[in-house]
Amino acid sequence: MFDIQHKSKGLVSHGVSACAGCGLELIMRNVMSVLGEDTVILIPPGCSALFSGYGNESGLKIAGFQGNLENTAACAAGVRAALNAQGNYHTTVLAFAGDGGTVDIGLQALSGVLERRDRIMYICYDNEAYMNTGIQGSSSTPFFASTTTTPSGKPTSRKNLMEIAIAHDIPYAATASIHNLNDFKKKLKKAMETDGPSLIHIQTPCPTGWRYDPGKSVELARLAVQTGSWILFEYEDGRVTINSKLKDLKPITDYIEIQGRFKHLTEEQKAELQDYTEKYYHRYIKKLENMNIETEEHATA
Amino acid sequence: MQKQQEKHSKELKKCRVLGPVATIFASSTTGSWRLERPVIDYEKCIKCGTCERFCPTNVIDVYKDRAECVVINYDYCKGCGICVNECPSKCMKMIPERGEE
Ligand SMILES: Cc1ncc(C[n+]2csc(CCOP(=O)(O)OP(=O)(O)O)c2C)c(N)n1
Ligand code: SF4
Ligand code: SF4
Ligand code: SF4
Ligand SMILES: [Mg+2]
C-alpha cells in the first residue's frame with residue numbers, strides 16, 4: 001500500500017523541500033530516530049506539512065494525517081482513543097505543530113488534552129512566527145523581533161507555553177534546543193514513555209524568517225541558550241530540573257546581531273533587550289527553583 | 001474537496017483508505033538548490049561525527065576506517081553550511097558550486 005520510491009537512511013526522506021539550514025528539518029530527523037516506526041503523526045498546516053505530504057507523495061515513512069491548525073492535539077487524542085479501542089497501547093501518537101498552531105490557534109485543543117490526560121506526545125517546534133504563510137508574528141515571537149505584522153519590532157514579549165502546560169500540571173514537559181541533540185533525544189524518550197500527555201517545546205532556528213546565514217542555525221540555537229534568551233528545563237511529576245543554569249550570560253548582541261529580524265534595533269533598544277533578557281532569565285530561574293521548594297514542602301507536610 | 005475525496009475513495013476502495021492520501025515515499029533532488037558545496041580536508045579531519053550529527057538533510061556519513069573518511073551525498077545536500085560552521089577542527093569549507101575556487 002505504501003510505495004517506497006526513495007532509499008533513505010532513516011524514516012525521513014533526504015530531499016524534503018524545507019529551506020537550506022532549516023532547524024525544523026534537523027528536529028524532525030531526530031524525533032523520528034527516537035520514536036521509530038511505531039508512531040502515528042498528526043501535523044497541522046505550517047512548515048512541518050512539508051514532511052507529511054505534497055500531493056500523493058510523503059516525506060515520512062510512518063502513518064499520519066494533516067488536520068487543521070486549530071485541532072492538532074484533538075486529532076491526536078482521537079487517534080489515541082481509536083488505537084486504545086483496538087487494544088493497541090504500544091503505538092506512540094505524536095502531535096507535531098508549530099508555534100502558531102500551538103500557542104495561538106491550537107491552544108484550546110492542547111488545553112483539552114492536558115485536562116483529559118490523554119496519552120499523547122506533543123512537540124511544539126517554535127520558529128517564533130507563522131513562517132509558512134510569510135513570517136507573520138505569533139504570540140511566540142520574541143520582544144523586538146521584526147515580522148511582516150510587526151515590521152518595527154514586536155512591542156510585547158512572548159507567551160510562555162511551558163507555564164501554560166505546568167498550570168495544567170502536565171506529567172512531563174521540557175524545553176529543548178537543537179545545539180544539544182543528546183539532551184533533546186533524552187527528553188524525547190522520557191516524553192514517549194510518559195503515561196499521559198507530554199510536551200516538548202523546542203526552539204527552531206529558521207534562516208528564512210529570522211534572516212541569517214543558514215550555516216548558523218545550530219550556532220544561533222546555542223547562543224539563544226548562552227544569552228539566556230532560551231532556557232532549558234524539564235518539569236517532571238511536579239519537579240523542575242534546570243538544564244541551562246548559567247553563571248554568566250553572554251551579551252544579547254552576540255545572538256541578535258547576526259539576525260536580520262533584529263537589524264532595526266537602536267542602541268537604546270539593544271540595551272533594553274539586554275536588560276529585559278537578563279532580568280527575565282534570573283527571575284524565571286528563581287521561579288522554577290521555588291516550584292521545587294513548594295513541592296518539597298508539600299511532600300514533608 | 002468533497003468531489004475530490006469521493007473520486008479518490010472510489011479509486012482506492014481496495015485499500016480501504018479515504019480522501020486524498022499520500023501513498024508514495026519520495027524525495028526531491030534538493031541538491032540542485034546548492035550554490036556552494038562543502039568539501040573536506042581529509043588530512044585534518046578528526047572523524048568526530050559532528051558534521052554528520054548536525055546535517056539537517058542527513059546526507060553525511062563519517063567512516064573511521066577510510067582515507068576519504070567523510071562522504072556527502074550531493075544529490076540532496078542543500079549547501080546550508082551548518083557542517084562547515086560546526087566542524088571543530090575547521091577542516092571543511094564551502095566552495096562555489098560552479099567554476100574555480
Ligand atoms: C485557522 C487557520 N488560520 C490560518 C491558516 C493559514 N495558515 C496555514 S499554515 C500557517 C502558519 C502556521 O504557523 P506555525 O504553526 O507557527 O507553523 P510554521 O509555518 O511557522 O512552521 C497559517 C497561518 C490556517 N490553515 N488555518
Ligand atoms: S521557513 Fe523556516 S521553518 Fe519553514 S522550512 Fe524555511 S527555514 Fe524551515
Ligand atoms: S565535523 Fe569535521 S572533524 Fe568532525 S568528522 Fe566532520 S569533517 Fe571530520
Ligand atoms: S551543507 Fe548542509 S546539507 Fe550539505 S552536507 Fe553540510 S550540513 Fe548537510
Ligand atoms: Mg511558526
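Colleague: Which side chain does Glu86(B) meet in a salt bridge?

Modeller: A salt bridge here is a side-chain nitrogen of Lys or Arg within 4 Å of a carboxyl oxygen of Asp or Glu. Glu86(B) pairs with Arg222(A), at 2.6 Å from N to O. The pair crosses between chains, from helix H9 (residues 217-226) of chain A to helix H3 (residues 82-86) of chain B. Helices (H or I, at least four residues) and strands (E, at least two) are DSSP runs, numbered from the N terminus.

Colleague: What should I know about the model and its numbering?

Modeller: This is a predicted model: local features need pLDDT of at least 70, side-chain atom pairs count only at pLDDT 80 or more, and totals for chains, interfaces and linings use all residues. Residues are numbered from 1 along each chain as its sequence is written, chains are lettered from A and ligands numbered from 1 in the order in which they are written, and side-chain values use heavy atoms, with hydrogens and water left out.

Colleague: Is Glu86(B) buried or exposed?

Modeller: Buried means under 20% relative accessible area, exposed over 50%, partly exposed in between (1.4 Å probe, protein chains only). Glu86(B) has 11% and is buried. Arg222(A), at 25%, is partly exposed.

Colleague: Which salt bridges lie within chain A?

Modeller: Asp126(A) and Arg158(A) form one of them, at 3.0 Å from N to O. Asp126(A) lies in strand S6 and Arg158(A) in the loop between S6 and H6, so the pair ties together parts 32 residues apart in sequence. Asp126(A) is buried at 0% relative accessibility, while Arg158(A) is partly exposed at 23%. Another joins Glu234(A) and Lys190(A), with the closest N and O atoms 2.9 Å apart. Glu234(A) sits in strand S9 (residues 233-236) and Lys190(A) in helix H7 (residues 181-193), 44 residues apart. Glu234(A) is buried at 3%; Lys190(A) is partly exposed at 27%.

Colleague: Which residues coordinate the magnesium ion (ligand 5)?

Modeller: Donors are N, O and S atoms within 2.8 Å of the metal (3.2 Å for Na, K and Ca); water is not among the atoms, so sites may look incomplete. Asp99(A) (OD), Asn127(A) (OD1) and Ala129(A) (O) coordinate the ion, at 1.9 to 2.1 Å. Along the chain their spacing is D-x27-N-x1-A. Asp99(A) lies in the loop between strand S5 (92-98) and helix H4 (100-104), and Ala129(A) in the loop between strand S6 (121-126) and helix H6 (161-167), so the pair ties together parts of chain A that are 30 residues apart in sequence. Asp99(A) and Ala129(A) are both buried.

Colleague: How many residues surround ligand 3?

Modeller: A residue is near a molecule or strand if one of its heavy atoms lies within 4 Å of it. For ligand 3 there are 14, and the closest are Cys45(B), Cys48(B), Cys51(B), Cys87(B) and Ser89(B).
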